[in-house]
Amino acid sequence: MKSVAANRVIVDASTLLTNHYITLSDDGEVIEVAPLELCRVEPSMTRFYNGLITTDVSENKRVVGKEIKLLVSERLEKGYSGRLLLWKNLSLSELKITEHTVVEVL
């Protein structure tokens, strides 16, 4: 089991969460998505990231100027077992891809 957390998490095109963590099973399936403030004890396995976490977005859709939340097609919820992406070097208020945006698979 592992946990990841970020400043922002996109659940779907209309849901943007702030300061949330995601707990994953050993198989990579989402077990929980919850606010950090509910976490009474920080698990040592939690990785905190400065950026945005989303479900998988195909590379051909990652175009400069596009709003990331409109590219997300799979809902980030309990049971999701696809790839999670970490988006870095972007404005967390605009959530648009820039020429400096870096995407990593978590």
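## An all-strand chain and its open sheet

A hairpin of 2 residues links β1 to β2. Strands here are DSSP runs of E, at least two residues long, and helices are runs of H or I of at least four residues, both numbered from the N terminus. The model you are looking at is predicted: local features need pLDDT of at least 70, side-chain atom pairs count only at pLDDT 80 or more, and totals for chains, interfaces and linings use all residues. Residues are numbered from 1 along each chain as its sequence is written, and side-chain values use heavy atoms, with hydrogens and water left out.

Let us begin with the whole chain. The protein chain holds 0 helices and 6 strands, running β-β-β-β-β-β from the N terminus. Its radius of gyration is 13 Å, close to the 13 Å that the globule rule gives for 106 residues, so the chain is as compact as a globular protein of that length. That radius is taken over C-alpha atoms, and the rule is 2.2 Å times the number of residues to the power 0.38. The C-alpha trace spans about 40 × 25 × 25 Å along its principal axes.

Now to the sheet. The 6 strands form an open sheet with mixed pairing, in the order β3-β2-β1-β4-β5-β6. At the edges stand β3 (30-35) and β6 (102-105), each with a single partner strand, so one side of each is left without a neighbour in the sheet. Neighbouring strands are turned by 40° against each other on average, direction ignored; axes are lines fitted to C-alpha atoms, and angles between N-to-C directions run from 0 to 180 degrees. Two strands pair if DSSP finds at least two bridges between them. Four of the pairings are set out here:

| Strands | Sense | Bridges |
|---|---|---|
| β1 and β2 | antiparallel | 9 bridges |
| β1 and β4 | parallel | 6 bridges |
| β4 and β5 | antiparallel | 4 bridges |
| β5 and β6 | antiparallel | 4 bridges |

Individual residues let you trace these pairings. I10 has L16 in β2 as its bridge partner. Towards β4, V4 stands opposite R47, and S3 has T46 as its bridge partner. Further along, T54 is bridged to L85 in β5, and L85 in turn has V105 in β6 as a bridge partner.

How covered are these parts? Buried means under 20% relative accessible area, exposed over 50%, and partly exposed in between (1.4 Å probe, protein chains only). Strand β1 is mostly covered, with 8 of its 11 residues buried, while buried residues make up 34% of the 106 in the chain. The accessible surface of the chain comes to about 6200 Å², and 45% of that belongs to carbon and sulfur atoms; such areas come from the Shrake-Rupley method with a 1.4 Å probe.

Leaving aside neighbours within four places in sequence, L24 is in contact (heavy atoms within 4.5 Å) with M1, K2, E29, V30, I31 and L84. Across the chain, 55% of the contacts between residues at least 6 apart in sequence join residues at least 24 apart.

A last word on confidence, given as pLDDT, the predictor's score for each residue from 0 to 100. The chain averages 92, and 94% of the residues score at least 70. Confidence is lowest in β4, at a mean of 93, and highest in β5, at 97.
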